[in-house]
Amino acid sequence: MICHIYPVSAGNSYQWKWRSDDGKRKSSRAFELFYDCVEDARSHGIDVDIERAHEHIAGEKLNLKIVADSRPAAPGKA
């Protein structure tokens, strides 16, 4: 079985989840690191084609909004 790895919004950034191509199996949580998501899928018996995953992710249009921290920097820190 092959899976789809996809980003999910996590506040000002994103995390990763996976689901099987048939939609019957999916990750139980989101992962901060892509690699951890891949390893979780593999530990559940899912075959991960890294090249296909990268191509699929690169083809998606992410709708993320990253907002700069507007608080002033602490003295001595830039």
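Guide: This is a predicted model. D36 has a relative accessible area of 35%, so D36 counts as partly exposed.

Visitor: In which element does D36 lie, and how many Å separate D36 from W16, C-alpha to C-alpha?

Guide: D36 belongs to helix 1. Along the sequence, D36 and W16 are 20 residues apart. In space, C-alpha to C-alpha, the separation of D36 and W16 is 8.6 Å.

Visitor: Is W16 buried or exposed?

Guide: The cut-off for buried is under 20% relative accessible area. W16 has 9%, so W16 is buried.

Visitor: How many aromatic pairs does the structure hold, and which residues do the ring pairs link into a cluster?

Guide: There are two aromatic pairs in the structure. Ring pairs join three residues into a cluster: Y14, W16 and F34.

Visitor: What is the angle between the planes of Y14 and W16?

Guide: The rings of Y14 and W16 form an edge-to-face pair. Their centres are 5.3 Å apart. Planes over 60 degrees apart count as edge-to-face. For Y14 and W16 the angle is 85°.

Visitor: Is Y14 buried or partly exposed?

Guide: Buried requires under 20% relative accessible area, and exposed requires over 50%. Y14 has 34%, so Y14 is partly exposed.

Visitor: What is the centre-to-centre distance for W16 and F34, and which elements hold the two residues?

Guide: W16 and F34 also form an edge-to-face pair, with 85° between the planes and 5.2 Å centre to centre.

Visitor: Is F34 buried or exposed?

Guide: The threshold for buried is under 20%. F34 has a relative accessible area of 19%, so F34 is buried.

Visitor: Which residue lies over the face of Y6?

Guide: The distance from the ring centre of Y6 is 4.8 Å. The residue over that face is R19.

Visitor: How many disulfides does the structure hold?

Guide: The whole structure was searched. A disulfide needs two cysteine sulfur atoms within 2.5 Å. The search finds zero.

Visitor: Why is C37 in no disulfide with C3?

Guide: For C3, the nearest cysteine sulfur is that of C37. For C37, the closest cysteine sulfur is in C3. The two sulfurs are too far apart for a bond, because the distance is 6.9 Å.

Visitor: Are C3 and C37 buried or exposed?

Guide: C3 has a relative accessible area of 7%. C37 has 0% relative accessibility. Buried means under 20%. So C3 is buried, and C37 is buried.

Visitor: Where is K17, and which residues does K17 touch beyond four places in sequence?

Guide: K17 is in strand 2. A relative accessible area of 28% makes K17 partly exposed. The C-alpha atoms of K17 and S27 are 5.8 Å apart, although the two are 10 residues apart along the chain. Setting aside residues up to four places away, K17 touches H4, I5, Y6, V8, S27, R29, A30 and C37.

Visitor: Is S20 buried or exposed, and which residues are in contact with S20 beyond four places in sequence?

Guide: S20 is placed in strand 2. Relative accessibility is 1%, so S20 is buried. Beyond four places in sequence, the contacts of S20 are M1, I2, C3 and R25.

Visitor: How many Å separate the C-alpha atoms of S20 and A41?

Guide: S20 and A41 are 21 residues apart along the chain. Their C-alpha atoms are separated by 8.9 Å.

Visitor: In what order do the elements of the protein run?

Guide: The protein has two helices and two strands. From the N terminus on, the order is β-β-α-α.

Visitor: Where is confidence lowest in the protein?

Guide: The mean pLDDT of the protein is 78, and 67% of the residues score at least 70. Confidence is highest in helix 1 (residues 34-43), at a mean of 93. Where pLDDT is low, the predicted coordinates should not be read in detail. The lowest mean, 69, belongs to helix 2 (residues 50-59).

Visitor: What percentage of the 78 residues is buried?

Guide: The accessible surface of the protein is about 5,900 Å², and 49% of that belongs to carbon and sulfur atoms. Of the 78 residues, the buried ones make up 24%.

Key
Residues are numbered from 1 along each chain as its sequence is written. This is a predicted model: local features need pLDDT of at least 70, side-chain atom pairs count only at pLDDT 80 or more; totals for chains, interfaces and linings use all residues. Side-chain values use heavy atoms; hydrogens and water are left out. Buried means under 20% relative accessible area, exposed over 50%, partly exposed in between (1.4 Å probe, protein chains only). pLDDT is the predictor's confidence in each residue, from 0 to 100. Accessible areas come from the Shrake-Rupley method with a 1.4 Å probe; for residues, only the protein chains shown count as cover. Rings of Phe, Tyr and Trp (its six-membered ring) pair if their centres lie within 6.5 Å; planes under 30 degrees apart count as stacked, over 60 as edge-to-face and the rest as tilted. A charge sits over a ring if NZ of Lys or CZ of Arg is within 6 Å of the ring centre and within 35 degrees of the ring normal. Contact means heavy atoms within 4.5 Å.
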